[in-house]
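Work through the exercises below with the structure open beside you, and try each task before you read its solution.

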Amino acid sequence: MVGRLALNEAESSDRVTDRNGPVFTARGLTKVYRMGEVTIHALRGVDLELFAGELVVMLGASGSGKSTLLNIMGGLDAATEGRLVYRDQDLSRATDRQLTRFRRDHVGFVFQFYNMIPSLTARENVAIVTDIARAPMRPEEALELVGLGDRMDHFPSQLSGGEQQRVAIARAIAKRPAVLMCDEPTGALDSKTGIKVLQVIEHINEELGTTTAVITHNAVIGRMADRVIRLKDGRVDDIQHNATRADPVDLAW
Amino acid sequence: MSALHRKLLRDLAGLKGQVAAIAVVIAAGVMTLMIAVTSLDAIQLSMERFYNSHQFADLYANIIRAPEAISERLADIPGISRLETRVVAPVRLEVPDYPDPVRGQILSIPDGRQPGLNRLYLRAGSLPQSGRADQVVISEPFAAAHGLRAGDPLRVIIRGRYETLSVSGIALSPEFVYQVAPTDLLPDYERYAVMWMNRRALSNAFGMDGAFNNVVASLQAGVNPNEVIDQLDRILAPFGGIGAHGRDELMSHRMLSDEIAQLRVTAIVLPGVFLGVSAFLLSVLMGRIVNTQRQQIAVIKAFGYRDRDLALHYALLTGLIVTVGIVLGVVLGLWAGDAMAALYAEYFRFPETVTRLQARVVAIAVLVSATAAGLGTWRAVAGAVRLPPAEAMRPPAPAVFRQSWFDRSRAGRRLTQTTRIILRNLSRSKWKSAMTVAGIGLSASLLLLGSYQFGAVGHVIDVQYRKVLQKDTHVTFVEPTSARVLAELKAMPGVYYAEGYRSVPVRLRNRHLSERTGIMGLPQNPKLRGLIDVDLQPVTLPDEGLYMTSFLASRLGLRVGDRLSVEIMEGSQRTLELALAGTVDEPLGVSAYMSREALNALMREGPALSGAWLLTDVEARPELYQRLWEASRVAGIGLISEAEDGLRAYLDDTVLVMMAILLLLAGSITFALVYNNARIAFAERERELATLRVLGFSRGQVGWILVGEIALLTLLAIPVGWLLGTLFSWLLSLAFSMDMMRIPFHLTHQTYAFAAAGVVMASSLSVILISRRLGRLDMVSALKGVE
């Protein structure tokens with residue numbers, strides 16, 4: 001189901017040299033926002049590193065702050081307080097324009113509800129990202145990677161949830177991002193489809209060396225990670241290193 | 001093509017209903033502008049070309065009879081560039097196989113050649129040959145009305161003598177662009193003719209050998225016409241001159257300038273209102289469409305698209321919609337403008353009616369529409385990109401609702417849950433609801449404005465013909481005639497009642513303001529020619545003192561009790577001082593009135609009449625007209641009912657056609673707005689409605705949330721529309737105060753009902769269209785996706 005991938009030599013060497021240094025360093029991240037009439041303390045001082053090439057699963061109950069943390073690391077949102085550094089770039093002080101650049105050049109997103117553009121086909125939903133990326137793969141190539149080579153000209157309304165999520169992954173990785181951010185990628189899917197999606201993510205991490213963060217409330221998924229970071233009430237509760245990563249096929253829930 | 005551009009095209013295709021509706025809104029605004037400006041430009045341009053190419057004269061003077069010898073003295077007056085003397089003779093005509101009396105005038109032209117001033121544009125045939133006494137050129141509209149062609153014979157009575165003439169050519173003259181009999185307001189091409197004949201032949205027939213009774217002159221550039229007029233008057237006074245005048249008092253030019261002035265107002269007021277309203281609606285609608293794509297904007301932004309990429313994307317979307325609208329508006333506007341110009345060509349006879357597309361107008365239309373649409377789009381896009389993408393993608397927090405006093409009231413507690421949803425939705429987004437109410441209200445106001453004009457114009461005609469002119473036949477005499485003639489008229493077959501009047505041409509002057517008009521001497525309580533006040537009640541003329549239409553009084557800056565000078569321009573010319581005793585309210589004309597006895601006394605004459613009005617038996621009319629025709633003192637016979645028909649036809653043709661177009665436009669704007677609102681409301685609520693369906697609400701109950709909201713907003717908008725429409729109508733009635741016709745500020749219940757019915761209909765139609773969508777509401781998918 002998953003095709004082979006030819007890596008650009010310069011990019012692969014870039015990743016290899018960085019393999020051991022932290023990609024993200026977060027210190028004392030705080031996020032407070034208002035939702036309707038309620039003030040929510042989503043993050044209450046998070047300290048954290050993400051290392052190049054690793055696959056991290058962030059676990060936490062609803063309201064633990066995991067999505068907020070992912071959004072801030074992905075440049076979708078700004079922290080209220082604290083410091084966040086991506087390689088040598090201080091994201092906590094970045095302007096909106098710099099965040100846009102950062103997202104465009106380095107980050108791929110996968111959302112729980114796929115967030116397809118309904119008026120575009122699968123191929124075009126990927127193209128919307130490759131159009132503005134620096135050295136992207138062809139949209140067809142990305143769709144082959146997620147096993148959707150035969151459904152490229154289907155509109156989102158003609159695809160199942162799992163297929164839409166795989167298009168979303170193709171869309172996220174087509175630009176060859178340094179970081180892949182997945183927010184509950186299996187949240188809206190049944191377990192069989194969910195495992196297929198996780199296999200794709202796993203494969204991308206392996207093949208492309210993309211630093212990958214997956215957030216979920218499903219503890220089982222933690223077994224496929226290098227590290228499992230548990231969040232609780234807006235703080236890092238516990239970090240667990242897995243000696244070996246489980247194959248997603250062996251997961252069950 | 002980039003994926004983002006592809007999204008643009010797909011969005012356009014997906015929104016085609018809404019895009020079409022918005023394009024109609026733009027097109028309506030642009031079209032109004034095009035129609036008004038194109039017809040104004042066509043008339044003005046055609047007039048200027050005709051006047052220039054055919055040497056339209058600047059000054060005109062009538063005298064009773066002056067010897068040709070003085071023409072050199074006239075031509076030597078400083079400031080005159082060219083001067084020609086003419087003979088002008090009133091005639092009666094007989095057209096083969098046409099029963100009604102026909103009046104006309106024959107003007108002289110130099111033997112066998114074109115005059116130097118007011119040259120003729122020959123449409124067919126040729127000028128009379130030099131030396132021929134039996135050839136005439138006739139005016140084109142008269143020729144067309146009777147199907148006359150070059151070579152056809154005509155029987156003409158000049159000074160009581162029959163002459164058989166033949167038509168040598170058919171022509172137009174800049175002097176008779178608007179060809180109307182001296183006593184009429186509207187052209188009657190069948191019953192009034194203008195003809196041109198060789199000078200010698202006409203002089204012979206009219207007894208003017210070696211003399212003239214009419215002068216035309218052109219001025220050197222930069223000369224003050226009043227000084228030249230004074231000089232002309234001084235030389236011509238001994239020969240029965242009744243005062244020279246400029247173009248502005250020539251009937252044809254006056255009507256033409258009035259029409260141009262009216263069109264100029266129309267060209268500002270109506271497009272201003274329409275374009276303004278459509279700009280407002282456009283901005284609201286574009287804003288809403290963009291708002292429905294908030295989540296998509298956030299996603300695209302998450303991928304790393306810059307704000308300006310998104311701004312460009314939506315600017316293109318708006319730009320394409322605006323382009324469609326403007327192209328539609330320009331094409332339809334040009335077509336309708338041409339059609340209007342053709343209608344005007346029926347009344348204003350030019351050799352050719354020139355229409356052209358004016359880049360300036362299109363530029364204004366583009367600017368206004370693009371700015372309005374751009375503003376609405378920009379506001380929404382700016383709002384959507386301002387939020388960090390994470391926040392924009394987050395499912396919206398349950399919006400803040402509050403219980404109001406109404407919920408706690410007895411009536412409030414009885415509401416069904418769905419009705420409660422409607423009320424809370426509306427009260428929560430107060431700004432949006434207010435915009436919607438304002439938008440629908442504006443549409444209603446356009447409907448009101450359109451139907452107000454229909455009603456008001458009808459009202460003018462009713463007043464004029466039911467209250468003012470209650471006679472059916474109008475007889476004018478060759479010269480003032482003893483009042484004893486009234487008894488003879490009453491004795492004629494089929495005459496029920498006859499009323500005589502005296503009419504004297506005057507110039508009324510109040511300081512620097514002056515107006516050439518006539519004083520009508522009427523019986524103190526006229527029965528056939530009503531004088532009415534503001535409340536349409538009859539006015540009784542006092543023994544002495546001058547009355548005039550309130551329009552004329554205000555034009556002369558006079559109030560009741562003020563004194564004004566009256567220059568009498570008939571017979572021995574004198575200037576008198578009179579006081580303004582009162583005003584009458586007539587929608588048409590600029591007349592002044594006195595009791596006949598008082599006017600006779602003023603003229604130092606016995607009881608004399610200039611004409612009479614008759615109330616007659618329809619059956620006996622042919623015989624009556626025959627008898628009147630044979631009476632030598634009768635100069636003309638006017639058929640009032642024909643005139644009313646003429647006026648109604650004229651108004652139908654010009655004013656009402658324009659109004660009908662505006663009404664149609666207002667209707668489509670209303671529909672476009674309400675339909676779009678309903679579509680957007682549906683898009684915004686789709687999830688909520690699907691949730692309710694899942695919870696077990698029936699389709700009808702769920703539909704009520706949408707329909708109830710639209711209905712409530714429409715109901716709230718109606719009084720707003722009435723208010724705004726009344727204001728617009730009032731503004732328009734102020735702007736439309738011309739010599740020819742004043743549109744009164746007269747709004748009826750029907751006008752208001754029509755405006756309300758219009759928006760209710762547009763709403764109902766939208767609801768029907770939307771409810772088809774409601775039937776297809778997919779509960780499952782609506783609950784799954786966030787898009």
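**Exercise 1: Confidence in chain A**

Find where confidence is lowest and where it is highest in chain A.

Solution. In this predicted model, the lowest confidence in chain A belongs to helix α1 (residues 9–17) of chain A, with a mean of 38, whereas the highest belongs to strand β3 (residues 55–59) of chain A, at 95. Next, look at residues 1–18 of chain A, where pLDDT stays under 50 and for which the model has 19 contacts beyond four places in sequence. Where pLDDT is low, the predicted coordinates should not be read in detail. Finally, turn to the chain as a whole: chain A averages a pLDDT of 85, and 92% of its residues score at least 70.

**Exercise 2: A sheet in chain A**

Determine the order of the four strands in the open sheet of chain A, and say which are the edge strands.

Solution. Begin with strand β1 (residues 22–35) of chain A, which is joined by eleven bridges to strand β2 (residues 38–51) of chain A, the two running antiparallel. Within this pair, Leu29(A) stands opposite Val46(A) in β2(A). The two strands form a hairpin with two residues between them, and Gly36(A) in the turn has a positive phi of about 60°. Now follow β1(A) to strand β4 (residues 81–86) of chain A, to which five bridges join it, again in an antiparallel arrangement; here the bridge partner of Phe24(A) is Tyr86(A) in β4(A). Putting the strands together gives the order β2-β1-β4-β5 in chain A, with antiparallel pairing. The edge strands are β2 and β5 (89–90) of chain A, since each pairs on one side only.

**Exercise 3: Two helices in chain B**

How do helices α7 and α21 of chain B run relative to each other, roughly parallel or roughly antiparallel?

Solution. First note the setting: chain B has 23 helices and 20 strands, and buried residues make up 45% of its 787 residues. The axes of helix α7 (residues 251–291) of chain B and helix α21 (residues 699–735) of chain B come within 10 Å and cross at roughly 170°. Angles over 145 degrees count as roughly antiparallel, and α7(B) and α21(B) are therefore roughly antiparallel to each other. Where they meet, α7(B) brings Val265(B), Val269(B) and Val273(B), while α21(B) brings Phe728(B), Leu731(B), Leu732(B) and Ala735(B). By class, this contact has seven nonpolar, no polar and no charged residues.

**Exercise 4: Where the chains touch**

Which helix gives the most to the side of chain B that touches chain A?

Solution. The contact takes 27 residues from chain B and 24 residues from chain A. On the side of chain B, α1 (3–14), α8 (294–302) and α11 (389–393) each supply at least two residues, and α1(B) gives the most, with seven residues. By class, this side of chain B has 15 nonpolar, five polar and seven charged residues.

How values were computed:
Residues are numbered from 1 along each chain as its sequence is written. Chains are lettered from A and ligands numbered from 1 in the order in which they are written. This is a predicted model: local features need pLDDT of at least 70, side-chain atom pairs count only at pLDDT 80 or more; totals for chains, interfaces and linings use all residues. Two residues are in contact if their C-beta atoms, placed from the backbone, lie within 7 Å. Ala, Val, Leu, Ile, Met, Phe, Trp, Tyr, Cys and Pro count as nonpolar, Asp, Glu, Lys and Arg as charged, and the others, Gly among them, as polar. Axes are lines fitted to C-alpha atoms, for helices over the stretch in contact, and angles run from 0 to 180 degrees between N-to-C directions. Angles under 35 degrees count as roughly parallel, over 145 as roughly antiparallel, 65 to 115 as roughly perpendicular and the rest as oblique. Two strands pair if DSSP finds at least two bridges between them. pLDDT is the predictor's confidence in each residue, from 0 to 100. A residue is buried if 20 or more other C-beta atoms lie within 10 Å of its own, exposed if 12 or fewer, and partly exposed in between; C-beta atoms are placed from the backbone.
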